[in-house]
Amino acid sequence: VEDAPKAVDVEKKDDPKKGNKAGILEGIHLFVEHNYVKGIFAISCLFMVEVTIVDYTMKVLAREHFAEEFPCLPFDEATGEAMACWNAETNSAVGLSTEAIKSFTTFMGFFGQATNGLSFLLSFFGTSAIIQYLGLRITLLLFPSICLIVIVTVRMYPTLNVVFAAMMILKANSYALNNPTKEMLYQPTSSNVKYKAKSWIDIFGARGSKALGSVVTNAFSTSAVELIDKGSLVGMCVASFLIWNATFMGKKFEEYTESGFIVGETNDDDDDVDTGGYTEVNEGGKSNNIEMASRQNDEKETSCAFYDDDEIGEEEEGQSLSGGEDEKHIVATV
């Protein structure tokens, strides 16, 4: 009985799912390593510190405004009883009256409608036209400049109507101007930056910036006057930094696009992101698949081998030497 063909040892590749996982640490590593990625982070997230401060300021002013317009009283003339917001033990108001709550809710609903409507109009009619007319470099400067003007205006005129308009302008322009321009900044970056660093920036960077803004508002939440006074200073500092950062990023973007430089590109290339670190090309520039097939073809004991016609022996044609001798013996006996 002939021996079974021996299995050819083929070098096993690691499971792509086990290697090169796009985790949080890789996004942080790319963020620390490249200043360009840090700049994208600043444009994507730091403006949320200003938005959080102005948003909280608007809500505080709105609450005070409607509390004065619809005060909480110990006696409700309509029902003849004390209002639900009045504490009889302390003989003081502990919240907003029902009418004040209704007015505040209506105010916030109108704010959402106005902001989304303005965002839609700017995005539909203004975004592409502004970028084409001004160019990305100047457009990057536009949003932080608007932020600085808005913060200064709120500091000078701290009324509910002014803060309402300021907040609406900030939110609408963040959707219509800031978001499209920050996405364009990813053009001269590698796949690692686009998928690993970007996910970290969008998730953790954005939430961290909102948390930082909440820290500021909590520190100066004792009164609306202190919040406007101290909070506006923080907002002005952030806006000034974003203007400098936009200047830097606009210059780098043009430099990288003209030279063809790719931020975050490595010798391994970024195709390994999709294959889990496995590549079909070896160090010599040859295909690993072709080399494996060639080795199998050289092994005569494998069923995958192919031979030329002049290499086929008697055994391959079914005419073994042992079979020939048996036939001769039978003929001689007969």
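A word on the model before we start. It is predicted, so local features need pLDDT of at least 70 and side-chain atom pairs count only at pLDDT 80 or more, while totals for chains, interfaces and linings use all residues. Residues are numbered from 1 along each chain as its sequence is written, and side-chain values use heavy atoms, with hydrogens and water left out.

Now, a cavity. On a 1 Å grid over the protein atoms alone, it is a set of points where a 1.4 Å probe fits but cannot get out; lining residues have an atom within 4 Å of a point. Points are joined across faces, edges and corners, and volume is the space filled by probe spheres set on them.

How many cavities of 30 Å³ or more does the structure hold? Two.

Take the largest. It has about 80 Å³ of space. Its lining includes Ile43, Phe143, Leu177 and Leu242. Helices H4 (136-156), H5 (160-184) and H7 (224-259) each give two or more residues. Helices here are DSSP runs (H or I, at least four residues), numbered from the N terminus. H4 gives the most, four residues. The lining has seven nonpolar, three polar and no charged residues. Nonpolar means Ala, Val, Leu, Ile, Met, Phe, Trp, Tyr, Cys and Pro; charged means Asp, Glu, Lys and Arg; the others, Gly among them, are polar.

Next, the second largest cavity. It has about 60 Å³ of space. Among its lining residues are Ile53, Thr57, Val154 and Gly231. H2 (35-69), H4 and H7 each supply at least two. Which helix gives the most? H7, with four residues. By class, this lining has six nonpolar, three polar and no charged residues.

Notes
1 Å grid on protein atoms, 1.4 Å probe; cavity = no way out; pocket = protein on both sides within 12 Å on 5 of 7 lines; lining within 4 Å.
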